[in-house]
Amino acid sequence: NNRLIPFVINSCLNRNFFPCSDGSQFRDFISIQDLISSIEKILRTNKANGQVLNIASGKVIKIKWLINFIRKKIKKGKPEFGKIKMRKEENKKVYPSIKKAKLILNWKPKLNIKKEIIKKIKYYTKLAKKT
C-alpha cells in the first residue's frame, strides 16, 4: 500500500502506459497523521495494554478506483489493467475492522482519501519538475 500511490502518480506523470493489476483488490489506506494520533492514544491509555488493535482508516478503497482517480487528477497516464497478474496467495480484500480501536482509544481517523491523494500528487509533481 505505501508504494502503490507514489508508483501510480509517478507513472501517470512520466509515462503514457503503465502496467498494473486488474484493480479488483480492496485496501484500506491510513494517513500518517491518523497513525500518529492512534499511537499517541495507545500510549496515553491503560485500556490498550495487552490489546491487539487494528489501526486503519476504516474506509475501503477499490484499487481500480484509486488508479483512475489519480489518472483523472493528473490528466495523463494510461493504466494497463490486468497487465500484472495477481499472486495466487494475494488476498483481494485486505481491510481490518477498527471498531475495537475506536472503542478502547476513543479515537477515530480523520483521513479524507481524496484530499490526501491530491496532496501527494502536488508533492510528486513538484519533485518531477525539479529533476
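Helix H5 buries Ile113, Glu116, Ile117, Ile121 and Tyr124. Seen down the axis of H5, these buried residues fall within an arc of 140°, so they line one face of the helix. The arc is that of the directions from the helix axis to the C-beta atoms. Buried means under 20% relative accessible area, exposed over 50%, and partly exposed in between (1.4 Å probe, protein chains only). The face turned away from the buried side of H5 carries exposed lysines: Lys115, Lys122, Lys126, Lys129 and Lys130.

The model is predicted; local features need pLDDT of at least 70, side-chain atom pairs count only at pLDDT 80 or more, and totals for chains, interfaces and linings use all residues. Residues are numbered from 1 along each chain as its sequence is written, and side-chain values use heavy atoms, with hydrogens and water left out.

The chain holds 5 helices and 5 strands. Their order along the sequence is α-β-β-α-β-α-β-β-α-α. Helices (H or I, at least four residues) and strands (E, at least two) are DSSP runs, numbered from the N terminus. The C-alpha trace spans about 50 × 40 × 20 Å along its principal axes. Of the 131 residues, 36% are buried. Among contacts with a separation of 6 or more, 87% join residues 24 or more positions apart. Contact means heavy atoms within 4.5 Å.

Helix H5 covers residues 113-130. At 1.5 Å a residue, its 18 residues should span 26 Å, and its end C-alpha atoms are 26 Å apart, which agrees. The expected span is 1.5 Å times one less than the number of residues. Cover for the buried residues of H5 includes helix H1 (4-14), H2, strand S3 (60-62) and helix H3 (63-74).

In H3, the buried residues are Ile63, Leu66, Ile67, Asn68, Phe69, Ile70 and Ile74. Their cover includes H1, strand S1 (17-20), strand S2 (26-28), S3, strand S4 (78-81) and H5. The 12 residues of H3 should span 16 Å at 1.5 Å a residue; the end C-alpha atoms are 17 Å apart, which agrees. Lys75 follows H3 and has a positive phi, near 65°.

Ser38 lies in helix H2 (residues 32-44). Its relative accessibility is 0%, so Ser38 counts as buried. Neighbours within four places in sequence aside, Ser38 contacts Ile55, Leu105 and Trp107.

The chain exposes about 9,100 Å², of which carbon and sulfur atoms supply 53%. Accessible areas come from the Shrake-Rupley method with a 1.4 Å probe.
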